[in-house]
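Hi,

Here is the structure I said I'd pass on.

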Amino acid sequence: MEQKDRYIRFDWAIKRLLRNKANFGVLEGLLTVLLGKGIHIIDILESEGNQQSGDDKFNRVDIKARNSEDEIILVEVQITREIYFLERILYGVAKAITEHIELGDVYSEVKKVYSISILYFDIGKGDDYLYHGQNSFVGVHTGDLLQVTTKEKDAIVRRLPSEIFPEYFLIRVNEFNKVAVTPLEEWIDYLKSGHIRPDTQAPGLAEARQKLIYYNMDKTEREAYDRHVDAIMIQNDVLGTAKFEGLMEGRMEGREEGRIEGEKKKQLEIARTMKTDGISTDVIAKYTGVSPTEIEAL
């Protein structure tokens with residue numbers, strides 16, 4: 001890759017550059033292709049939940065944005081595995097909802113929330129690189145989707161629960177192994193490899209080519225960025241080594257357990273043969289190491 005085509009990693013950009021209103025177009029592009037509708041960001045809200053006490057939890061999101069439809073969008077980049085990841089994103093969504101409705105407000109003020117997680121670790125079993133979850137109420141016997149009627153501006157309006165309840169997007173970056181063709185695939189390709197096609201028409205990526213150029217940063221910023229990338233590489237190497245060592249240790253333990261189990265089976269077979277030949281339990285136990293109780297059970 002030529003020097004002028006080296007682009008800043010998204011996890012760095014989202015913390016340092018995409019909060020700037022002049023750069024909203026980059027994030028808007030990703031959200032547009034992901035949510036399947038035009039997204040216009042009005043402002044970036046406080047990215048961490050306001051702690052009410054020392055025991056309160058943080059939302060741990062990288063960006064919390066409000067769009068032109070007054071919806072809340074949470075975006076986070078996760079580099080390393082977290083045991084209670086799903087519980088945490090559920091908490092983050094719940095807190096975002098409660099933070100944006102005041103005591104005494106009518107429930108129509110509840111905001112629609114989108115939770116978008118860009119994951120660089122193996123979250124579990126699954127073949128796709130993008131997973132989407134949302135709430136719907138399905139008839140147990142009929143299979144139909146429930147529509148709820150509400151009254152808005154003197155008109156009866158039918159709404160699906162999925163229009164109100166939060167939606168979750170899990171982007172498993174490391175699982176993407178395709179030639180990028182669609183705008184969404186181009187975005188995932190950038191998230192994984194930092195590559196952006198010169199002729200890209202994907203929303204937001206043309207802006208990224210202009211605003212996320214590595215060599216546009218000053219020397220101090222580049223040095224900080226390089227340390228960030230090095231830290232990620234070291235961290236991944238440490239985690240990979242630990243995973244490999246754990247795997248090898250598990251295999252060695254498995255082989256040892258198998259050897260012990262094999263010896264035990266052999267001793268039991270010898271004890272069974274001796275018992276069949278009428279040899280006393282005490283003698284069998286002495287020469288095979290099999291307990292009298294086990295011998296009696298043979």
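Predicted model: local features only at pLDDT ≥ 70, side-chain atom pairs only at ≥ 80, totals over all residues.

Residues are numbered from 1 along each chain as its sequence is written, and side-chain values use heavy atoms, with hydrogens and water left out.

So what does Asp-43 meet in a salt bridge? Its side chain pairs with that of Arg-66, at 3.0 Å from N to O. The criterion is a side-chain nitrogen of Lys or Arg within 4 Å of a carboxyl oxygen of Asp or Glu. Asp-43 sits in strand 1 and Arg-66 in strand 2, so the pair ties together parts that are 23 residues apart in sequence. (Strands are DSSP runs of E, at least two residues, and helices are runs of H or I, at least four; both are numbered from the N terminus.) Arg-66 is partly exposed too, at 25% relative accessibility. Both belong to a network of salt bridges that also links Asp-70 and Lys-111.

In total, the structure holds 18 salt bridges. Another one joins the side chains of Lys-37 and Glu-69, 3.2 Å from N to O. That pair links distant parts of the chain, 32 residues apart: Lys-37 is in the loop between helix 2 (24–35) and strand 1, while Glu-69 is in the loop between strand 2 (63–67) and strand 3 (72–78). Lys-37 is partly exposed at 26% relative accessibility, and Glu-69 is partly exposed at 46%.

Then there's Glu-175 with Arg-172, whose side chains meet at 4.0 Å, N to O. Is each partner buried or exposed, or in between? Arg-172 is buried, with a relative accessible area of 4%, whereas Glu-175 is partly exposed at 32%.

Six strands form an open sheet in the order 1-2-3-4-8-5, with mixed pairing; two strands pair if DSSP finds at least two bridges between them. Strand 1 (41–45) and strand 5 (130–134) stand at the edges with a single partner strand each, so one side of each has no neighbour in the sheet. From one strand to the next the twist averages 20 degrees, taken from axes fitted as lines to C-alpha atoms, with angles from 0 to 180 degrees between N-to-C directions.

Strand 5 pairs with strand 8 (residues 167–172) in the antiparallel sense, over 5 bridges. His-132 stands opposite Phe-169 of strand 8.

Phe-169 also turns up around Ser-117, a residue of strand 4 (113–119). Ser-117 is buried, at 0% relative accessible area. Leaving out residues up to four places away in sequence, Ser-117 touches Glu-76, Phe-85, Ile-89, Phe-169, Leu-170 and Ile-171, where contact means heavy atoms within 4.5 Å.

**A nonpolar patch**

On the surface, Phe-137, Leu-146, Val-148, Ile-164 and Phe-165 form a nonpolar patch with about 400 Å² of accessible area together. Patch members have over 30% relative accessible area and no salt bridge; nonpolar side chains (Val, Leu, Ile, Met, Phe, Trp, Tyr) are joined within 5 Å, and like charges within 9 Å. Areas come from the Shrake-Rupley method with a 1.4 Å probe. Phe-165 lies in the loop between strand 7 (155–159) and strand 8 and is partly exposed, at 31%.

Cheers

Key. Buried < 20%, exposed > 50% of the residue type's maximum accessible area, 1.4 Å probe, protein only.
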